[in-house]
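User: I want to learn how to read aromatic pairs in a model. Please take me through a case.

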Amino acid sequence: CYMNRIDTKFAELKRKKKKAFIAYITAGDPDLKTTYKIALELAKNGVDLVELGIPFSDPLADGPTIQAASQRALKKGITIRSILRMARSLRKKTEIPFVFMTYYNPIYQYGLKKFVDDSKRSGVDGVIVPDLPPEEAGELLGYSQDNLFSVVFLAAPTSTNERLKTIAKKSGSFIYYVSLTGVTGARKTLSKDINDHVKKIKRMTSKPVCVGFGVSNPRQARLVSSYADGVIIGSALIKVIEKNIGRRDIDRRLGRVVRSFARAIKK
């Protein structure tokens, strides 16, 4: 059976006994040309999967860092259409898996079927929708399944066992474990019980479990990669972008930080 790029990548990492490094960037922050350069830089520096954030005016799962990035992108007039165009040109240059991260409202406005079809056509392999619970995702899942387009669901520290079973069953390619109750953003310390939660989910499914929200430095990333199948880094990278807006070598500056995370996760 045909596997999409995400599944293929996880299978390859498993064979090599390596963990996945997933990097989140907001598409269009500070502009699409820079996002294009940055995405290629991520692919060159040890990232296994790129999450492209589609900016939304009310990103309820995101902390101040990513909210600000969304605002910068929206001010530039970024749309789903313009992001799809960029994804299409990125696809000509790299085979790295791309996953959109956005909210239900922009997808709904765009049209669910059209969103899945156009994303696939542009070489995007899946989507994460934090405000879409699996119980209400039937329509989106319906369009995605024949399309080999992954809809990835989030599990939280507060998820009950019943709920975790549903998420494990319905989530495509991997399960996104949210390491804390709260919004995205770099944290000084990580919760002590992430390991237990990850183990619990792994007992329910053979799908990879990746941990995001709050992982802010290579030391934390190394710790999380010791028990999870992948580590998701977002706000820590967005901060580097924010600090270097307007610099010609913004991609290379980010590349250095990305390499230090990659070394920690791949250890």
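User: Are Phe-10 and Phe-174 buried or exposed?

Analyst: Buried means under 20% relative accessible area, exposed over 50%, partly exposed in between (1.4 Å probe, protein chains only). Phe-10 is buried, and Phe-174 is too. This is a predicted model: local features need pLDDT of at least 70, side-chain atom pairs count only at pLDDT 80 or more, and totals for chains, interfaces and linings use all residues. Residues are numbered from 1 along each chain as its sequence is written, and side-chain values use heavy atoms, with hydrogens and water left out.

User: How do I read a ring pair?

Analyst: A pair of aromatic rings is described by the distance of the centres and the angle of the planes. Rings of Phe, Tyr and Trp (its six-membered ring) pair if their centres lie within 6.5 Å; planes under 30 degrees apart count as stacked, over 60 as edge-to-face and the rest as tilted. By this rule there are 8 aromatic pairs. For Phe-10 and Phe-174, the centres are 5.6 Å apart and the planes stand at 45°, so this pair is tilted.

User: Which pair is edge-to-face, with 90° between the planes?

Analyst: Tyr-176 and Phe-213, at 5.9 Å centre to centre. Both are buried. Tyr-176 lies in strand β7 and Phe-213 in the loop between β8 (209–212) and α10 (218–225), so the pair ties together parts 37 residues apart in sequence. Helices (H or I, at least four residues) and strands (E, at least two) are DSSP runs, numbered from the N terminus.

User: Which residues form one aromatic cluster?

Analyst: Phe-100, Tyr-110, Phe-115 and Phe-149.
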